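I opened this notebook to record what I looked up in the structure, entry by entry. The chains come first, then their contacts.

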Amino acid sequence: MNILNLFVAIPLAMLFALWISRNTKQIRTVMVTGSTLLLSLSVYLTIDFIAQRNAGVTAAQLYTDSWSWYPALNICYSIGVDGISVAMILLSSIIVFTGTFASWNIKPHTKDFFLWYVLLSLGVYGFFITTDMFAMFMFYETALIPMYLLIGVWGSGKKEYSAMKLTLMLMGGSAFLLMGILGIYYGSGATTMNIHEIAALSNIPTEMQYIFFPLTFIGFGVLGALFPFHTWSPDGHASAPTSVSMLHAGVLMKLGGYGCFRIAMYLLPQAANDLAWIFIILTTISVVYGALSAISQTDLKYINAYSSVSHCGLVLFALLMMTRTSCTGAILQMLSHGLMTALFFALIGMIYGRTHTRDIRQMQGLMKIMPFLSVGYVIAGLANLGLPGFSGFIAEMTIFVGSFMVDDTFHRTVTIIACTSIVITAVYILRVVGKILYGEPCNEEHKRLTDATWDERFTVICLIICVAGLGIAPMWVSDLINNGVGDIITILRP
Amino acid sequence: MEMSTNLLIFSGLALLMAAAAIAAVTTSRIMRAVTYLLFVLFGTAGLYFMLHYTFLGAVQIIVYAGGIVVLFIFAALLIGKGIIDVTHTSKLRYLAGVLASMSGLAIALYLIVNTTFITDKFTTDGVPMTVVGSALMGTAKHNYVLTFEVLSILLLACMVGAIMIARKK
Amino acid sequence: MNYFEFFSMIPEISLLAVFVVIFIFDLVATGRYRRIFHALVCLLMLGHIYVCIESGDKEVTLFGGMYYSNSMIAFVKAMLVFGSSLVVLQAHRWLRSTHALAKQGEFYVLLLSTLIGMFFMLSARHFLLFFIGMELASLPLACLVAFDKYRHHSAEAGIKYVLTSMFASAIMLYGISFLYGTIGTLYFEDMAQGLSGTTMQIFALVMFFAGLGFKISLVPFHLWTADSYQGAPTVVTAYLSVISKGAAVFTLFVILTKVFAPMTAQWQMMIYAVTVASITIANLFAIKQNNMKRFMAFSSISQAGYIMLAVISGTAQGMSAMVFYILVYIMANMAVFGIIETLQHNVEGGELTREHCNGLYKTNPQLTLLMTLALFSLGGIPPFAGFFSKFFVFMSAFDAGFLVLVFIALINTVISLYYYLLIVKAMYITPNDNPIAKVKCDMYTRISLCACLLGIVLLGICSFVYIGIDNFAF
Amino acid sequence: MDFTILILALPLLSFLILGLAGMKMPHKWAGAIGTLSLTLVTILSYCAAALYFGAGRNAEGIFAPITPYNHTWLPLGGTLSIDMGILIDPISVMMLIVISTVSLMVHIYSLGYMKGERGFQRYYAFLSLFTFSMLGLVVATNIFQMYVFWELVGVSSYLLIGFYYTKPAAIAASKKAFIVTRFADLFFLIGILLYGYYTETFSFTPGETLLMSAGAVLPIALALMFVGGAGKSAMFPLHIWLPDAMEGPTPVSALIHAATMVVAGVYLVARMFPLFIDYAPEVLHIVAYVGAFTSLYAAIVACVQTDIKRVLAFSTISQIAFMMVALGVCTSSNPHYGGLGYMASMFHLFTHAMFKGLLFLGAGAIIHAVHSNEKSQMGGLRKYMPVTHLTFLVACLAIAGIPPFSGFFSKDEILAACYDYSPMMGVFMSIVAAMTAFYMFRLYYLIFWGKSHYEEQLSLYSAGKSTHKPHKPHEAPLCMTAPLVILATITTVAGFIPFGNFISSNGEAYHIHINPAVATVSILLALAGIALATVMYIRGNSKLTTAINKALGIFIEAAYNRFYMDELWLFVTKKIIFNCISRPIAWFDRHVIDATMDMMATITQKCGNIVRPMQSGNVQSYSVWFLSGALLLALMLIFFT
Amino acid sequence: MTIPAQFYLILAAVLFFIGVFGFFTRRNLISLLISTELMLNAVDINFAVFNAYSHPEHLEGFFFTMFGIGIAAAETAVAIAIIINVFRNAKSIHIKNLLDLKH
């Protein structure tokens, strides 16, 4: 029995258990049990993975296994993880776990909410554990579609429009992606769908790579909020319910970066090298543009969504720099951004749940009313603007140092441009903190509001611990990632 | 001589059929249209006779002229005689119809004229009834007992369906 | 004169036996025996699935090469019988209604006769048998479309269907006549040698294709579809959209690859154009539809376009992808139609529109969920079967080198997703004070819906069905 | 020296305790925990200094740096990694002493100053955080660790400035401080990246060969780093945040914005000094010019401000600029007198921390007494607050450069170094020094001399012209005056520390020589400044003052408004960046990019309408389509194959 | 010497497209049906002619024509039944009364 299968099996079991559960208590029991199991399983996986690495196991992928699925089409259910996937699985587990608590009191249709929620996480886990392009693509789309209902039914604001836009744009992206995947499969001689075997073959003709690299990269890039395909993000995030925003920004957007790296760049290395400059320009725009857009927003979620555009842009940016350090930084940034944004969205959701507005012009002095949430918000903000001691700092620094290792004017220039985002980030974060948390409460109704409840506190504290933990002791996770990145980088930069 | 007689008969038939066909699709009264159709069907039977397919000609007269046209007449009478068919309701649609059918005709004629079919195997022997009978009843290649049986199912089903639809209760 | 050859056509003869049994039962049974009529038909048909599959292990060529059957064809027949059984299962409630009750027997008879016609269409290796099979499959269907005699819409749908059908068969026959004229035979295996792709043959090909395009309802031969689907009784619409279409697609594939093999370049180009048109135009229509059956009509046109992606490849892979697609399509579409059928009894006027679906989730959560899954499957969303079938179809077309076509189709999936989501949105999101009251399904419908649900969820994930199909291909 | 880890650990621990559990504690406990940990830190720092300097010089005649801890924190690939460790060398030890002393004083002082304030525990938590960060900064073993703590220092400063988070001015000031320094840090970061890439290490002492290969880039990297330092140390034009930062509690201003954090920039340059002097002397000159200009600018502005904390803030800017100048005028020609500026700068850093801390704490006591920052609310306070008055006077004398107070010695060395560099620079800086004396004594007189605001108000009240009974100023409690006295003592005697023995540019010891010419000139100038101030302000605003004000009207107005630098910055940020860049981008995103996506949907919908007539419901037109479609297909196939 | 086969084919084509023309332009259902009969009839002629002139070895065209006539009869029967039903429902067989289902 391969431990990785449990990551698919547990959500499946949860789906079934949810299906038969009758009341809220049972639903909560199922969710807490399931997500705790998943979390402990991923912690175990991480520890065991590191232990195996320390014991000198050098295979690129561990826990590999493969079952033939559609033999005629060379489709297998192949699984295996390297450091990157392990880190991502851990991240997903944390977000799923905390998201469960963040949606403790979700209404109405609690059961269905969690059904779709678990289906989404099933897709996410599946994507990270599989190494077969078909299975990856399947899980990828499985993770996308529940978003529609989660936003549409349980969201707020112009949720129908946002949900539709988000789904269609992401599905449009996956249309590109499917082209890319088929191109890779047939380009490599149609003998296998396993990404590692394709990489080992490395026989895709360069002209084909030129066609399919942009398709694949844009396909994943849409989910990674690549400029100019990012516009689903602000609307989608603004309308989504708390835990869905968390999961979406925290994990789902990471699928994009992961996919870009794992499939687009890994399997199409020549094109990645030759065409990277186009996407570097786009991602640089993403980084600065997202941050600048965030400055003048007035809706908390919009601010954070644009901030996500900026930060996720940085992920893709770093990946395209294609140095070992920058790619490690990119993965770190995924982790860090996942945790921080989840924290942010959780807090915004909690604040919104009380004030019923997200307009920063209508809130003031929340620090006095809800100190816990406000302090949490300040911490999240500081983490987001890259304060040392939090995860954002190590990720950004690794990225910048790594990107600076590419020694030519173009890359240097864009790196410096991307660096400016750290200043802009500070501007919009502090603007919000100053506007809504500080000052005297301006709204009489707000004065009667209460601070966080226990489940909310739990969510926030868990996430803060993770963000700080990653920021204070980055070495183990950096090592973990570095190993995984190395194999891909050797292909990209032979 | 023979040729010219044939040609004469053919031309007569062809002209008659074409004229009757045009009349059938342009006349404004249904009964007349049915009658013109009957002319065309008889003309077709005549063509079959010219091809020495006498059996086919007989079938044509019995089934078409005797069966189908009677159906038409019944229907026309049932629905009420004197239904006026107005041909020019929408000019645009009419024009589109004319254009489409004429271009279709043009293409078909062009292709027919420019394609060389094998046409030298014509004999005046005709088809003996025994050959027709055995082919209709045989199971070997170029025999048609299967289609015959399937057609019988088709007729049965259509009968059931038509009666079901047409009967009053 | 070996008339025992008739008994080697096991699926057809047994189906004919069922036909006769039902026909006689309808004539003689009265009173309480009639009550078991429906159950009897369902059982006989389900039993017939077994017969079809059993017959599939050997290859038979009968009547001097006019009839041919192998495991793939037997499987497709079984699939069609299965789909028809679903239709019959769902028809129970409708057949109980006063107008239909008197014609119950006719319904079964007509349905089975069309099924027999499709069987012959599938097994035909001669254009005459093919044509008669096709007519047998369409003419009684016209009666079924017009089955609700007292409903104007049903009659209108029926007349539109039958007139278009006759027009289409005339065009098709004209094409076939020229094929015959240039080749001199109508046996499939002999025709391939005589084909050389002359202009006349191209013309004949297109004319022939137009006739089948009518049955599959491909653009531009599709215009009858929406009207007939809307007007016909819902079960008949379901039958039209899945069974009739499935049989026609398979036949088209066989004829294109067997007969028109020398003209592959030409027909591929033809199907290319038709596919692009079908998917795109049907999608454009579908986003504007409000009536659910009409909407499903356009959805089915678009789906037909996707099936064409498998046809265009003309390979074994394409064939298995196509059959698998049809199977999955049967499941998903039957689920949707089953729900439409169930719901529309509770709707004033009997025409289900999207507004009626608003807020359905509150009152009928299970039906809503099934509907959602079915629509997701139609839209190609994993982990439901539709995703797999779509992926395989794309793969086969990609394999054959139609990259741009695949891309266009992929972009269109986004549009199609949009309109499927519109319905999901109506059911889940749009608020409604008076949603359709809680509906209780009868047992037959419930069985069929469960079968559909199982199919939607499991057909993709469990690969043995596809593997089985793949073993039969060519 | 292993115990030095405690110097970092204790404040961190106290921060964590206070931060996590502080809200549940009574105020006294919180203050006790903070102060106690700082006391221990101070003791440890002095021990470290004693042990380090007591161990004597090594064979090369220098105090060898000790690195008791250095661990990889974050490997960055290649030879690069971020290390965390502790570096003990003369300047870091000196900084340890400065920070722990001032911080301890501030901790004690705050017990009284902040008594009863809401968020008292939070205040101590932040103080501990700041102390931890600042200590971490000075003991950094490499430039990246420095950057890490640099950022932490910035954020603690942000938190402390915004301590009174309900006050709009405080919020704005904290934001401004953080963003301006962050902006400067961007350059610092890029400098570090350049430095790291070319020298293949982040350590302060890269290998010679690597340095040679990095030769061309090194000055750029160092210049960028200086920009970072300039931001933190409030050099023109990045100084704008510092005066506003006075919105924080006054002890915080004393600690962060006078004594310690703002000199981080100077410390940075001093830390990189060996590289500056050997590889980028031209950058050093830039440092000198920037410093000189800043010092003049700040001195002019300080002369006309009315808010006492602002005066002190500009005086801080000016004094830090002195230190920068001192570093900038160093040359590599002569081991000692070329590096005199370095020593002088460090010396001034030390003495300035003490007397400026003292000034701020004194100002705090005054504000505490009169509940205002404005000079107009003060006057004649010497009767009411004798201790504060005396200690304040000591500090003023020190900053003005009157012997035997410590400021004289350090400033004199700076001036000497300036004269060595170029007479122009010397004269220029001497004038600034004179202005320093002038504005400090202007401040002193306006606070402690002249008519008492309290008495005026009282007489108005007793005459019935005012309904508001004024509050009588009173001397601060012991826990506030004690730090004043301690710092005054240090200020008085610190000048006699043989600083050159401990700190010099190349590590070798030497004796400080007072250059009699320079000393005389500077004393005379200082006295002149004091005399002018005395004439003008001892009795409040004299006629002379009014006359001068009139003569220089516009100029004074401009100076009072800090030469509109803030407005300029505001224009750039608010008008240009916010209104002309950010808003258009946000607009562009919604109305162009997003609209394009929406437009695709709309076009699809429109196409849906366009094709609709095709489905007319007329079976004949269906057939027309049918046939035309078939014919078109046929024609297409015929023509294209 | 016989009549060229093309003559027959041209005649059939003319008849066929006259039928098509009728189908496109007539306005009542029975006329439409009559037009389709014309078309089917033309096709039958084609088959018979091809059999007689081009491929007389087997009787494929012959039988096609024969079965075609049968099928045409069946089609007509069904179509007329439905037309009668339409008439019952709408009291008219004019095509303009059959426009309920559209768009």
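Predicted model: local features only at pLDDT ≥ 70, side-chain atom pairs only at ≥ 80, totals over all residues.

**Entry 1. A helix pair in chain D**

I looked up how helix α10 (residues 250-259) of chain D lies against helix α15 (residues 340-370) of chain D, and found a packing angle of about 160° with the axes 8 Å apart. By the cut-off above, α10(D) and α15(D) are therefore roughly antiparallel to each other. The crossing in which α10(D) passes α15(D) is right-handed.

I then listed the residues that meet. From α10(D) they are D:Thr250, D:Pro251, D:Ser253, D:Ala254, D:Ala258 and D:Ala259, and their counterparts in α15(D) are D:Ala353, D:Lys356, D:Gly357, D:Phe360, D:Leu361, D:Ala363, D:Gly364 and D:Ile367. Sorted by class, the residues of this contact of α10(D) with α15(D) are nine nonpolar, four polar and one charged.

**Entry 2. Chain D as a whole**

The C-alpha trace of chain D spans about 110 × 80 × 55 Å along its principal axes. Chain D has 641 residues, of which 58% count as buried. I also checked sequence separation: of the contacts in chain D with a separation of 6 or more, 78% are between residues 24 or more positions apart.

**Entry 3. Chain B as a whole**

I repeated these look-ups for chain B. Chain B has six helices and zero strands, and its pattern along the sequence reads α-α-α-α-α-α. The principal-axis spans of its C-alpha trace are about 50 × 45 × 30 Å. I compared the radius of gyration of chain B, 20 Å, with the value near 15 Å that a compact globule of 169 residues would have. Of the 169 residues of chain B, 35% count as buried. Among contacts in chain B between residues at least 6 apart in sequence, I found that 50% join residues at least 24 apart.

**Entry 4. Chains B and E**

Which chains share the most contacts among the eight pairs of chains in contact? I found that chains B and E do. Their contact takes in 70 residues of chain B and 63 residues of chain E. On the side of chain B that touches chain E, the elements giving two or more residues are α1 (2-26), α2 (30-50), α3 (54-79), α4 (91-114) and α6 (145-166) of chain B. Of these, α3(B) gives the most, with 13 residues. By class, I recorded 54 nonpolar, 14 polar and two charged residues on this side of chain B.

I next examined α3(B) against helix α3 (residues 60-90) of chain E. Their axes come within 10 Å and cross at roughly 5°. α3(B) and α3(E) are therefore roughly parallel to each other. The contact of α3(B) with α3(E) has 19 nonpolar, five polar and no charged residues.

**Entry 5. E:Phe21**

E:Phe21 has its place in helix α1 (residues 5-25) of chain E. Is E:Phe21 buried or exposed? I counted 24 C-beta neighbours inside 10 Å, so E:Phe21 counts as buried. Leaving aside neighbours within four places in sequence, I found E:Phe21 in contact with B:Val25, B:Gly97, B:Val98 and B:Ser101. I also noted a separation of 10.0 Å between the C-alpha atoms of E:Phe21 and E:Thr36, which are 15 residues apart along the chain.

**Entry 6. Chain A and the other chains**

I looked up the contact between chains C and A and found 26 residues of chain C against 24 residues of chain A. On the side of chain C that touches chain A, at least two residues each come from α20 (385-399), α21 (403-428) and α23 (464-472) of chain C. The largest share of that side, 11 residues, comes from α21(C). Its residues divide into 21 nonpolar, two polar and three charged.

The nearest C-alpha atoms of chain A and chain B are 37 Å apart. For chain A and chain E, the corresponding separation is 25 Å.

Definitions and conventions
Residues numbered from 1 in each chain as written. Chains lettered and ligands numbered in written order. Axes fitted to C-alpha atoms, helices over the stretch in contact; angles between N-to-C directions. Helix = DSSP H or I, 4+ residues; strand = E, 2+ residues; numbered from the N terminus. Parallel < 35°, antiparallel > 145°, perpendicular 65-115°, else oblique. Left-handed = near helix turned anticlockwise from the far one by under 90°. Contact = placed C-beta atoms within 7 Å. Nonpolar A, V, L, I, M, F, W, Y, C, P; charged D, E, K, R; others polar. Buried ≥ 20, exposed ≤ 12 C-beta atoms within 10 Å, placed from the backbone. Rg over C-alpha atoms; globule rule 2.2 N^0.38 Å.
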